[in-house]
Amino acid sequence: MITRRTVLGSGLAAGAALIARARLAAAQPGGMGGMGGSDDARAPMPLTHGRAVAGESYTPVVVPNGATLPFEKKGGVKVFHLVAEPITHTIAPGLEIEAWGYNGSTPGPLIEAVEGDRIRIYVTNKLGEATTVHWHGVFVPSGMDGVGGLTQPAIPPGKTFRYEFTMTKAGTFMYHPHFDEMTQIALGMVGMIVVHPREKKKRRAENVRDYALMAHEWKIPIGSRRPDPLAMNDFNVLTFNSKAFPGTEPLVAEVGDRVRLRLGNLGPMDHHPLHLHGYAFQVTWTDGGEVPAGARWPETTVLVPVGAVRVVEFVADTPGDWAFHCHMTHHVMNQMGHDAPNLIGADVKGLDKQIAKVVPGYMTMGQHGMGDMMGMTQPDNSISMLGGDGPFGMIDMGGMFTVLKVRDKLTGDTDPGWYEHPEGTVAREATADELSGDDIKL
Ligand SMILES: [Cu+2]
(Lines give C-alpha, C1' and ligand atoms only; values in the text may rest on other atoms or scores of the structure.)
Protein backbone atom coordinates (compact mmCIF):
# COMPACT_ATOMS: atom_id res chain seq x y z
CA MET A 1 0.00 0.00 0.00
CA ILE A 2 1.26 3.45 -0.85
CA THR A 3 1.04 5.80 2.09
CA ARG A 4 2.08 9.38 2.37
CA ARG A 5 5.14 8.03 4.09
CA THR A 6 6.39 6.28 1.00
CA VAL A 7 5.59 9.36 -1.03
CA LEU A 8 7.62 11.44 1.37
CA GLY A 9 10.48 9.01 1.10
CA SER A 10 11.47 9.51 4.71
CA GLY A 11 11.98 6.94 7.43
CA LEU A 12 9.66 8.55 9.92
CA ALA A 13 7.02 6.69 11.86
CA ALA A 14 4.07 6.46 9.55
CA GLY A 15 1.44 8.31 11.53
CA ALA A 16 3.36 11.43 12.36
CA ALA A 17 4.66 11.63 8.82
CA LEU A 18 1.18 11.31 7.40
CA ILE A 19 -0.09 14.14 9.49
CA ALA A 20 2.89 16.38 8.97
CA ARG A 21 3.37 15.78 5.27
CA ALA A 22 2.66 19.30 4.14
CA ARG A 23 4.91 20.91 6.71
CA LEU A 24 7.65 18.50 5.75
CA ALA A 25 7.21 19.42 2.14
CA ALA A 26 7.66 23.05 3.04
CA ALA A 27 10.80 22.22 5.01
CA GLN A 28 12.41 20.32 2.17
CA PRO A 29 12.86 22.71 -0.71
CA GLY A 30 12.41 20.98 -4.03
CA GLY A 31 11.76 17.71 -2.31
CA MET A 32 8.14 17.40 -3.29
CA GLY A 33 7.52 19.92 -5.97
CA GLY A 34 5.46 23.07 -5.72
CA MET A 35 1.92 24.02 -4.90
CA GLY A 36 -0.90 21.79 -5.96
CA GLY A 37 -2.72 24.74 -7.46
CA SER A 38 -5.07 25.42 -4.57
CA ASP A 39 -5.05 29.13 -5.39
CA ASP A 40 -7.01 28.34 -8.53
CA ALA A 41 -9.95 27.33 -6.35
CA ARG A 42 -10.56 31.00 -5.62
CA ALA A 43 -11.36 31.86 -9.22
CA PRO A 44 -15.08 32.63 -9.69
CA MET A 45 -16.91 29.62 -11.00
CA PRO A 46 -19.29 29.84 -13.97
CA LEU A 47 -22.52 27.99 -13.39
CA THR A 48 -23.80 25.28 -15.69
CA HIS A 49 -27.42 25.90 -16.62
CA GLY A 50 -29.93 23.77 -18.42
CA ARG A 51 -30.40 25.14 -21.93
CA ALA A 52 -33.76 24.90 -23.60
CA VAL A 53 -33.73 22.19 -26.25
CA ALA A 54 -35.19 23.10 -29.64
CA GLY A 55 -38.56 21.45 -30.17
CA GLU A 56 -38.80 20.26 -26.56
CA SER A 57 -41.07 21.75 -23.90
CA TYR A 58 -39.45 20.34 -20.76
CA THR A 59 -37.28 22.39 -18.45
CA PRO A 60 -33.82 20.91 -18.94
CA VAL A 61 -32.11 19.37 -15.96
CA VAL A 62 -29.02 21.21 -14.74
CA VAL A 63 -25.92 19.08 -14.30
CA PRO A 64 -23.51 20.96 -12.01
CA ASN A 65 -19.98 20.64 -13.39
CA GLY A 66 -21.41 18.50 -16.18
CA ALA A 67 -23.25 18.39 -19.47
CA THR A 68 -26.21 16.90 -21.33
CA LEU A 69 -25.77 14.57 -24.29
CA PRO A 70 -27.01 16.20 -27.53
CA PHE A 71 -29.24 14.24 -29.91
CA GLU A 72 -30.58 14.55 -33.42
CA LYS A 73 -34.02 13.51 -34.52
CA LYS A 74 -34.01 11.00 -37.38
CA GLY A 75 -37.44 9.94 -38.58
CA GLY A 76 -39.03 10.48 -35.17
CA VAL A 77 -36.23 8.73 -33.27
CA LYS A 78 -33.87 10.63 -30.96
CA VAL A 79 -30.38 9.51 -31.91
CA PHE A 80 -27.55 9.76 -29.36
CA HIS A 81 -23.90 8.80 -29.58
CA LEU A 82 -21.99 7.73 -26.48
CA VAL A 83 -18.23 7.23 -26.69
CA ALA A 84 -16.55 5.18 -23.95
CA GLU A 85 -12.97 6.43 -23.68
CA PRO A 86 -10.00 7.23 -21.46
CA ILE A 87 -10.10 10.83 -20.24
CA THR A 88 -8.08 13.25 -18.16
CA HIS A 89 -10.29 14.69 -15.44
CA THR A 90 -9.87 17.37 -12.77
CA ILE A 91 -11.39 16.35 -9.43
CA ALA A 92 -10.70 19.80 -7.94
CA PRO A 93 -8.08 22.41 -8.83
CA GLY A 94 -4.77 20.69 -8.12
CA LEU A 95 -5.88 17.07 -8.57
CA GLU A 96 -5.98 15.70 -12.09
CA ILE A 97 -6.61 12.01 -12.77
CA GLU A 98 -6.48 9.55 -15.64
CA ALA A 99 -10.03 8.22 -15.66
CA TRP A 100 -12.37 6.44 -18.03
CA GLY A 101 -15.61 8.09 -19.00
CA TYR A 102 -17.99 8.92 -21.82
CA ASN A 103 -17.66 11.70 -24.39
CA GLY A 104 -14.73 13.26 -22.57
CA SER A 105 -16.26 13.39 -19.12
CA THR A 106 -17.03 11.57 -15.90
CA PRO A 107 -19.83 11.18 -15.16
CA GLY A 108 -20.82 10.78 -18.78
CA PRO A 109 -23.24 13.42 -20.09
CA LEU A 110 -26.84 13.26 -18.90
CA ILE A 111 -29.17 11.49 -21.30
CA GLU A 112 -32.45 13.42 -21.30
CA ALA A 113 -35.67 12.34 -23.01
CA VAL A 114 -39.45 12.42 -22.67
CA GLU A 115 -41.72 9.54 -21.71
CA GLY A 116 -42.75 7.71 -24.90
CA ASP A 117 -39.67 8.80 -26.88
CA ARG A 118 -38.11 6.27 -29.18
CA ILE A 119 -34.36 6.54 -28.70
CA ARG A 120 -31.38 5.05 -30.50
CA ILE A 121 -28.00 5.17 -28.79
CA TYR A 122 -24.81 4.29 -30.61
CA VAL A 123 -22.03 3.26 -28.23
CA THR A 124 -18.47 3.49 -29.55
CA ASN A 125 -15.80 1.71 -27.54
CA LYS A 126 -12.48 3.56 -27.52
CA LEU A 127 -11.18 1.67 -24.48
CA GLY A 128 -8.48 -0.96 -24.60
CA GLU A 129 -10.95 -3.61 -23.45
CA ALA A 130 -14.54 -4.60 -24.14
CA THR A 131 -17.50 -2.82 -22.58
CA THR A 132 -21.30 -2.62 -22.64
CA VAL A 133 -23.85 -0.08 -21.46
CA HIS A 134 -26.62 -1.09 -19.09
CA TRP A 135 -29.60 1.28 -18.78
CA HIS A 136 -30.16 1.03 -15.05
CA GLY A 137 -33.84 1.33 -14.14
CA VAL A 138 -35.06 1.86 -17.71
CA PHE A 139 -37.57 -0.71 -18.97
CA VAL A 140 -36.02 -2.13 -22.14
CA PRO A 141 -36.36 -5.33 -24.17
CA SER A 142 -34.12 -7.95 -22.56
CA GLY A 143 -31.66 -7.86 -25.46
CA MET A 144 -31.10 -4.11 -24.92
CA ASP A 145 -30.25 -4.50 -21.23
CA GLY A 146 -26.50 -4.35 -21.79
CA VAL A 147 -25.28 -7.25 -19.67
CA GLY A 148 -22.15 -8.65 -21.35
CA GLY A 149 -22.48 -12.36 -22.09
CA LEU A 150 -26.08 -12.52 -20.86
CA THR A 151 -28.01 -10.24 -23.20
CA GLN A 152 -25.36 -9.31 -25.80
CA PRO A 153 -21.75 -9.91 -26.73
CA ALA A 154 -19.53 -7.27 -25.12
CA ILE A 155 -18.54 -4.43 -27.45
CA PRO A 156 -14.93 -5.06 -28.53
CA PRO A 157 -12.42 -2.16 -28.59
CA GLY A 158 -12.90 -0.05 -31.70
CA LYS A 159 -16.45 -1.23 -32.40
CA THR A 160 -19.77 0.63 -32.25
CA PHE A 161 -22.96 -1.05 -31.06
CA ARG A 162 -26.50 0.16 -31.53
CA TYR A 163 -29.13 0.19 -28.79
CA GLU A 164 -32.72 1.15 -29.52
CA PHE A 165 -35.76 1.20 -27.27
CA THR A 166 -38.73 3.29 -26.16
CA MET A 167 -38.62 5.26 -22.93
CA THR A 168 -41.84 3.74 -21.64
CA LYS A 169 -41.79 5.41 -18.24
CA ALA A 170 -40.74 8.73 -16.77
CA GLY A 171 -38.13 8.91 -14.05
CA THR A 172 -34.48 9.26 -13.13
CA PHE A 173 -32.21 6.40 -14.08
CA MET A 174 -28.53 5.71 -14.62
CA TYR A 175 -26.19 4.08 -17.12
CA HIS A 176 -22.98 2.16 -16.60
CA PRO A 177 -21.00 -0.75 -18.06
CA HIS A 178 -21.98 -4.33 -17.32
CA PHE A 179 -18.62 -5.74 -18.37
CA ASP A 180 -15.60 -5.51 -16.06
CA GLU A 181 -17.88 -3.35 -13.92
CA MET A 182 -15.43 -3.21 -11.04
CA THR A 183 -12.74 -1.53 -13.12
CA GLN A 184 -14.85 0.54 -15.46
CA ILE A 185 -17.19 1.96 -12.83
CA ALA A 186 -14.32 2.63 -10.42
CA LEU A 187 -12.55 4.60 -13.15
CA GLY A 188 -15.56 6.84 -13.70
CA MET A 189 -17.83 5.20 -16.27
CA VAL A 190 -21.18 6.24 -14.87
CA GLY A 191 -23.98 8.53 -16.01
CA MET A 192 -27.55 9.59 -15.36
CA ILE A 193 -30.72 9.43 -17.44
CA VAL A 194 -33.76 11.67 -16.97
CA VAL A 195 -37.06 10.91 -18.67
CA HIS A 196 -39.55 13.74 -18.27
CA PRO A 197 -43.26 12.90 -17.92
CA ARG A 198 -45.15 13.18 -21.21
CA GLU A 199 -48.00 15.13 -19.63
CA LYS A 200 -46.95 18.73 -19.27
CA LYS A 201 -49.05 19.29 -16.17
CA LYS A 202 -46.98 16.70 -14.34
CA ARG A 203 -43.77 18.57 -14.99
CA ARG A 204 -44.34 21.71 -12.90
CA ALA A 205 -42.06 23.26 -15.47
CA GLU A 206 -42.47 26.93 -14.67
CA ASN A 207 -40.25 27.48 -11.70
CA VAL A 208 -38.45 24.24 -11.05
CA ARG A 209 -34.72 24.12 -10.36
CA ASP A 210 -33.89 20.63 -11.45
CA TYR A 211 -30.45 19.27 -10.59
CA ALA A 212 -28.71 15.93 -11.21
CA LEU A 213 -25.88 14.87 -8.92
CA MET A 214 -24.05 11.56 -9.15
CA ALA A 215 -22.23 10.40 -6.03
CA HIS A 216 -18.97 8.57 -6.56
CA GLU A 217 -15.92 7.47 -4.61
CA TRP A 218 -12.34 6.93 -5.65
CA LYS A 219 -9.08 5.71 -4.24
CA ILE A 220 -6.37 8.02 -5.57
CA PRO A 221 -3.06 7.45 -3.75
CA ILE A 222 -1.25 10.72 -3.03
CA GLY A 223 0.89 11.70 -5.99
CA SER A 224 -0.74 9.27 -8.42
CA ARG A 225 -3.00 10.08 -11.37
CA ARG A 226 -4.71 6.70 -11.74
CA PRO A 227 -7.59 5.80 -9.43
CA ASP A 228 -7.12 2.31 -8.02
CA PRO A 229 -9.97 0.10 -9.27
CA LEU A 230 -8.95 -2.69 -6.88
CA ALA A 231 -9.90 -0.60 -3.86
CA MET A 232 -12.66 -2.13 -1.78
CA ASN A 233 -12.52 0.26 1.16
CA ASP A 234 -10.68 3.33 2.39
CA PHE A 235 -11.71 5.42 -0.59
CA ASN A 236 -10.03 8.81 -0.19
CA VAL A 237 -11.78 11.02 -2.74
CA LEU A 238 -15.56 11.45 -2.59
CA THR A 239 -17.35 13.35 -5.30
CA PHE A 240 -20.57 14.85 -6.64
CA ASN A 241 -20.49 14.64 -10.45
CA SER A 242 -16.84 13.57 -10.09
CA LYS A 243 -15.87 16.84 -8.37
CA ALA A 244 -14.70 17.19 -4.77
CA PHE A 245 -15.21 20.41 -2.83
CA PRO A 246 -13.94 23.07 -3.43
CA GLY A 247 -14.32 21.95 -7.06
CA THR A 248 -18.11 21.50 -6.80
CA GLU A 249 -20.27 24.08 -8.50
CA PRO A 250 -22.93 25.60 -6.21
CA LEU A 251 -26.64 24.96 -6.72
CA VAL A 252 -28.83 28.05 -6.94
CA ALA A 253 -32.52 28.80 -6.48
CA GLU A 254 -34.80 31.80 -6.08
CA VAL A 255 -37.25 32.07 -3.23
CA GLY A 256 -40.44 30.38 -4.42
CA ASP A 257 -38.70 27.94 -6.73
CA ARG A 258 -39.41 24.24 -6.40
CA VAL A 259 -36.03 22.53 -6.15
CA ARG A 260 -35.58 18.97 -7.32
CA LEU A 261 -32.35 17.13 -6.58
CA ARG A 262 -31.91 13.90 -8.55
CA LEU A 263 -29.32 12.00 -6.54
CA GLY A 264 -27.68 8.90 -8.00
CA ASN A 265 -25.01 6.66 -6.54
CA LEU A 266 -22.83 4.39 -8.67
CA GLY A 267 -19.85 4.40 -6.33
CA PRO A 268 -18.22 0.99 -5.91
CA MET A 269 -19.03 0.29 -2.25
CA ASP A 270 -20.48 3.09 -0.10
CA HIS A 271 -23.96 4.39 0.55
CA HIS A 272 -24.27 8.07 1.24
CA PRO A 273 -26.58 9.83 3.72
CA LEU A 274 -26.92 13.17 1.94
CA HIS A 275 -27.95 16.03 4.17
CA LEU A 276 -29.38 19.45 3.34
CA HIS A 277 -29.18 22.35 5.74
CA GLY A 278 -32.02 24.83 6.26
CA TYR A 279 -34.75 22.70 4.70
CA ALA A 280 -36.78 19.54 4.94
CA PHE A 281 -37.55 17.65 1.76
CA GLN A 282 -39.51 14.63 0.61
CA VAL A 283 -38.36 11.72 -1.50
CA THR A 284 -40.67 12.00 -4.49
CA TRP A 285 -39.15 9.48 -6.90
CA THR A 286 -36.67 6.63 -6.93
CA ASP A 287 -35.25 4.86 -9.97
CA GLY A 288 -38.22 2.52 -9.53
CA GLY A 289 -40.79 5.24 -10.11
CA GLU A 290 -42.82 7.91 -8.35
CA VAL A 291 -43.42 7.60 -4.61
CA PRO A 292 -47.18 7.93 -3.92
CA ALA A 293 -47.94 11.20 -2.10
CA GLY A 294 -49.31 9.33 0.92
CA ALA A 295 -46.08 7.36 1.32
CA ARG A 296 -43.76 10.38 1.61
CA TRP A 297 -42.44 11.83 4.82
CA PRO A 298 -40.24 14.79 5.64
CA GLU A 299 -36.50 14.28 5.95
CA THR A 300 -33.34 16.35 6.13
CA THR A 301 -31.07 13.45 5.19
CA VAL A 302 -31.65 10.87 2.49
CA LEU A 303 -29.68 7.66 2.22
CA VAL A 304 -28.70 7.00 -1.38
CA PRO A 305 -27.53 3.38 -1.60
CA VAL A 306 -25.13 2.10 -4.24
CA GLY A 307 -27.08 1.41 -7.40
CA ALA A 308 -30.01 3.66 -6.53
CA VAL A 309 -31.55 7.03 -7.28
CA ARG A 310 -33.39 9.21 -4.78
CA VAL A 311 -35.15 12.30 -6.05
CA VAL A 312 -35.94 14.85 -3.35
CA GLU A 313 -38.02 18.00 -3.64
CA PHE A 314 -38.70 21.07 -1.57
CA VAL A 315 -39.68 24.70 -2.07
CA ALA A 316 -36.90 27.23 -1.62
CA ASP A 317 -38.36 29.67 0.89
CA THR A 318 -35.41 30.77 3.01
CA PRO A 319 -32.52 32.73 1.50
CA GLY A 320 -29.01 31.84 2.53
CA ASP A 321 -26.00 29.68 1.77
CA TRP A 322 -27.03 26.17 2.76
CA ALA A 323 -24.59 23.29 2.91
CA PHE A 324 -25.50 20.07 1.10
CA HIS A 325 -23.19 17.20 1.87
CA CYS A 326 -22.71 13.56 2.75
CA HIS A 327 -23.06 13.22 6.49
CA MET A 328 -20.37 10.56 6.80
CA THR A 329 -17.58 12.72 8.17
CA HIS A 330 -14.86 10.92 6.21
CA HIS A 331 -16.79 11.56 3.00
CA VAL A 332 -16.28 15.31 3.34
CA MET A 333 -12.50 14.92 3.42
CA ASN A 334 -10.07 14.79 0.50
CA GLN A 335 -7.23 12.30 0.15
CA MET A 336 -7.08 11.61 3.84
CA GLY A 337 -4.80 8.86 5.14
CA HIS A 338 -6.30 6.84 7.98
CA ASP A 339 -3.33 4.97 9.42
CA ALA A 340 -2.21 7.82 11.69
CA PRO A 341 -2.07 7.68 15.49
CA ASN A 342 -4.69 9.59 17.46
CA LEU A 343 -2.79 12.61 18.76
CA ILE A 344 -5.75 14.69 19.93
CA GLY A 345 -4.88 16.10 23.36
CA ALA A 346 -1.31 14.71 23.25
CA ASP A 347 1.69 16.80 24.33
CA VAL A 348 4.00 16.47 21.34
CA LYS A 349 6.53 19.19 22.14
CA GLY A 350 9.24 16.67 23.04
CA LEU A 351 8.46 14.58 19.97
CA ASP A 352 8.84 17.56 17.64
CA LYS A 353 12.23 18.34 19.18
CA GLN A 354 13.46 14.80 18.71
CA ILE A 355 12.30 14.46 15.11
CA ALA A 356 13.57 17.94 14.23
CA LYS A 357 17.10 16.60 14.78
CA VAL A 358 16.73 14.48 11.64
CA VAL A 359 14.06 16.49 9.80
CA PRO A 360 14.66 20.22 10.25
CA GLY A 361 11.46 22.22 10.71
CA TYR A 362 9.38 19.18 11.58
CA MET A 363 6.11 19.92 13.33
CA THR A 364 3.55 17.34 14.43
CA MET A 365 -0.05 18.23 13.70
CA GLY A 366 -3.37 16.86 14.81
CA GLN A 367 -3.07 17.26 18.58
CA HIS A 368 -5.79 19.96 18.60
CA GLY A 369 -8.01 18.25 16.03
CA MET A 370 -7.75 18.15 12.26
CA GLY A 371 -8.98 21.68 11.56
CA ASP A 372 -5.45 23.07 11.63
CA MET A 373 -4.45 21.08 8.56
CA MET A 374 -6.48 23.12 6.12
CA GLY A 375 -5.02 24.73 3.09
CA MET A 376 -1.43 23.67 3.60
CA THR A 377 1.15 23.34 0.87
CA GLN A 378 0.43 20.19 -1.10
CA PRO A 379 2.52 17.56 -2.84
CA ASP A 380 2.21 17.61 -6.62
CA ASN A 381 -1.16 16.51 -7.97
CA SER A 382 -3.03 16.28 -4.69
CA ILE A 383 -5.59 18.39 -2.85
CA SER A 384 -5.88 19.53 0.72
CA MET A 385 -7.77 17.10 2.96
CA LEU A 386 -10.31 19.81 3.54
CA GLY A 387 -10.86 23.45 3.04
CA GLY A 388 -12.27 25.92 0.59
CA ASP A 389 -12.46 29.67 0.95
CA GLY A 390 -15.64 30.90 2.59
CA PRO A 391 -16.90 34.35 3.56
CA PHE A 392 -15.92 33.76 7.20
CA GLY A 393 -12.63 31.94 6.63
CA MET A 394 -11.85 28.42 5.54
CA ILE A 395 -14.73 25.99 5.08
CA ASP A 396 -13.22 22.92 6.70
CA MET A 397 -14.85 20.34 4.47
CA GLY A 398 -13.98 18.71 1.18
CA GLY A 399 -15.30 15.77 -0.81
CA MET A 400 -19.06 15.39 -1.14
CA PHE A 401 -19.88 18.95 -0.22
CA THR A 402 -21.59 21.70 -2.14
CA VAL A 403 -23.65 24.80 -1.38
CA LEU A 404 -27.27 25.58 -2.20
CA LYS A 405 -27.49 29.34 -2.68
CA VAL A 406 -31.03 30.60 -2.25
CA ARG A 407 -31.65 34.26 -3.07
CA ASP A 408 -34.71 36.51 -3.34
CA LYS A 409 -33.61 37.26 -6.89
CA LEU A 410 -30.85 35.75 -9.00
CA THR A 411 -29.19 37.63 -11.79
CA GLY A 412 -28.48 35.55 -14.85
CA ASP A 413 -26.31 32.50 -14.96
CA THR A 414 -23.61 33.51 -12.55
CA ASP A 415 -22.80 32.42 -9.06
CA PRO A 416 -24.50 35.03 -6.83
CA GLY A 417 -21.49 35.04 -4.49
CA TRP A 418 -21.80 34.67 -0.74
CA TYR A 419 -25.01 35.45 1.08
CA GLU A 420 -25.31 38.91 2.59
CA HIS A 421 -26.81 38.20 5.98
CA PRO A 422 -29.32 40.66 7.42
CA GLU A 423 -27.97 42.67 10.33
CA GLY A 424 -27.90 40.73 13.58
CA THR A 425 -28.42 37.27 12.08
CA VAL A 426 -24.85 35.92 12.18
CA ALA A 427 -23.39 34.06 15.16
CA ARG A 428 -20.57 36.05 16.78
CA GLU A 429 -18.58 36.29 19.97
CA ALA A 430 -20.67 37.13 23.02
CA THR A 431 -19.89 40.39 24.80
CA ALA A 432 -19.15 40.61 28.52
CA ASP A 433 -22.39 42.51 29.07
CA GLU A 434 -24.43 39.87 27.28
CA LEU A 435 -22.80 37.11 29.31
CA SER A 436 -23.36 38.79 32.66
CA GLY A 437 -26.86 39.92 31.67
CA ASP A 438 -27.84 36.30 31.03
CA ASP A 439 -25.96 34.95 34.05
CA ILE A 440 -23.50 32.92 32.01
CA LYS A 441 -20.50 32.13 34.20
CA LEU A 442 -17.22 31.33 32.42
CU1 LIG B 1 -20.90 9.44 1.90
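These notebook entries record what I looked up in a predicted model of a protein.

**Entry 1: Ground rules.** I worked on a predicted model, in which local features need pLDDT of at least 70, side-chain atom pairs count only at pLDDT 80 or more, and totals for chains, interfaces and linings use all residues. I numbered residues from 1 along each chain as its sequence is written.

**Entry 2: The whole protein.** I noted 6 helices and 23 strands; these are DSSP runs numbered from the N terminus, helices (H or I) of at least four residues and strands (E) of at least two. I found that buried residues make up 41% of the 442 residues. A residue is buried if 20 or more other C-beta atoms lie within 10 Å of its own, exposed if 12 or fewer, and partly exposed in between, with C-beta atoms placed from the backbone.

**Entry 3: An open sheet.** I traced 5 strands in the order β12-β23-β20-β14-β18, with mixed pairing. Two strands pair if DSSP finds at least two bridges between them. The edge strands, β12 (251-254) and β18 (301-304), each pair on one side only. I then looked at β14 (residues 272-276) and β20 (residues 320-326), which are antiparallel and share 3 bridges. Leu-274 has Cys-326 in β20 as its bridge partner. In general, strands of a sheet pair through backbone hydrogen bonds, either parallel or antiparallel.

**Entry 4: Gly-390.** I located Gly-390 in strand β21 (residues 388-390). Gly-390 counts as partly exposed because it has 14 C-beta neighbours inside 10 Å. I also looked up Trp-418, which is 28 residues from Gly-390 in sequence and 8.0 Å from it in space, C-alpha to C-alpha.
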